[in-house]
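The entries follow the order in which I looked things up.

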Amino acid sequence: MELRFLVQLGIIGFTFFMLINASALLVLAERKIMGFMQQRYGPYLVGPHGLLQPLADILKLLMKEELRPKGADKWLFTLAPILSVTAAFAAFATVPWGAETTFFGLLDEPVSLGAADINVGVLVIFAITSMGVYGIVLAGWSSNSKYSLMGGLRASAQMISYELSYATALAAVILLAGSLSLREVVDSQAGSWFGFLPQWYVFLQPIGFIIYMIAGVAETNRAPFDFPEAEQELVAGYNTEYSSVRFALFPQAEYINMTTMSAVATDLYLGGWHGPFLPPEYGWIWFLIKIGAILFAYIWVRWTLPRYRYDQLMQFGWKWLFPAAVINLIVTAALVLYFNA
Amino acid sequence: MLETLTFWGLSGLAILASALVIGQRNPMYSVMMLIASFGALAGLYIQLDAPFVAVAQIIIYAGAIMVLFLFVVMLLNAPQEDAAEWDRTHPLRQPGIMRFGGMLAVLLVLQLTWALLRVNGIDVPVGAEGDSEALGSVRTLGRILFTEYVFAFEATSILILVAMVGAVLLARREGDR
């Protein structure tokens, strides 16, 4: 009992630590991949091949002066970045990232890899990510600047619109798996069809996967849907007036949200930690590989596609993505009913 | 012991936040307090072994509806409530209207008391009767919603649809038909 509790606590701490690392590594990966795509090296001076660049970035931001505009709302201005990053970390709490393990016989009963395992896990993630928008909206409003306000307004409209498609795409997978627990969803994807094709839901739900990924990009405010920041029109959007640590928390929240989005996509569509060649105890390696591939796609998209126009974003969200998600859900429900009856 | 403490903490937070929603002048803070109140309610639902209802509360109320509230408050961009509210000549401050409002408030309190007095078995813990596993499950909830309470469910959806159509009608400009 005691040991089990300590191990569980250790897993939670490790998850938290890895999320912080993920946000630092993603900053580096983003700059390196961007450099590669633009035929230059990217950061190269700090450490071997610029590997220590994230540390330098963080130190630089910590040393900066903290500014607050005169007309800003003191409390909400401080609260906004904290809310953003708290929601980002909390959303990962119910994401499982590895099979159940006894740590090579250390424990009598297997323990699950992941901070918490609850029976409505998918919904909890969705609920907490939907709280993330408050950080951005409040930052935009409390800064008392027109650019920030525009960014905040855009964020609220955009995230509400794309949340619908996102949730509808998720619902189709939940119908297939018949469970709201992420661990059960992952475990229902074990095995393979015809001996070679893994039983991942991406093959049953290709349209759902595409909708999920597009809505995911919009939910995390990444290019080509980065309207809340839109530097060519809004200076820097909702975070224009922020500096120092308060500013640093916003990109950190964004990178952690990206990680969560990729982890959930891996769990729901790509079979989580299930994969060939590796024994189940090392499934987390598969998990990392899959997350890495999705994150690379995120960065790839950002540096290859130009930003949409704002009205195009709304049109696309409501007139194409959401109807497609609803049709996908209805067809899935009908097929599940037909094959289960 | 811990359960009682959490219960009092959460209910205290819910009541305090709800009081602050109407208790202070900045509409932005009112919205934030309402979100806090919804969060506390969600915590109480979790204590009642209803995680699905708790999560639905957060997704629908705190995650979607309150974002729209914020959107409206931001668009109005009014840091303080309109001073006209405190004006004696405001149409809502006429004595007749205020008496009518007071009567409605008393009626609400009476109704609530009557409803609370009619509840049986309020001292029986939730999940003590029947299968507590099935009680909290989404499957059971969905089945009950679409069989026993299907009329209330559909009536509510039509009500919301009517409100939506009304909002579209009101927001429409005079020119475009």
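I took axes as lines fitted to C-alpha atoms, for helices over the stretch in contact, with angles running from 0 to 180 degrees between N-to-C directions. Helices are DSSP runs (H or I, at least four residues), numbered from the N terminus. The model is predicted: local features need pLDDT of at least 70 and side-chain atom pairs pLDDT 80 or more, while totals for chains, interfaces and linings use all residues. Residues are numbered from 1 along each chain as its sequence is written, and chains are lettered from A in the order in which they are written.

Entry 1. I looked up α4 (residues 121–142) and α5 (residues 146–177) of chain A; their axes come within 8 Å and cross at roughly 170 degrees. The two helices are therefore roughly antiparallel (angles over 145 degrees; under 35 counts as roughly parallel). In contact (C-beta atoms, placed from the backbone, within 7 Å) are, among others, F126(A) and W141(A) of α4(A) and M159(A) and L170(A) of α5(A).

Entry 2. I turned to α3 (residues 74–91) and α10 (residues 244–269) of chain A, which pack at about 20 degrees with axes 8 Å apart. They are therefore roughly parallel. Residues making the contact include F89(A) of α3(A) and R246(A) and F250(A) of α10(A).

Entry 3. Between the chains, I found 15 residues of chain B and 20 residues of chain A in contact. On the side of chain B that touches chain A, helix α3 (residues 51–76) of chain B gives the most, with 13 residues.

Terms used. Angles under 35 degrees count as roughly parallel, over 145 as roughly antiparallel, 65 to 115 as roughly perpendicular and the rest as oblique. Two residues are in contact if their C-beta atoms, placed from the backbone, lie within 7 Å.
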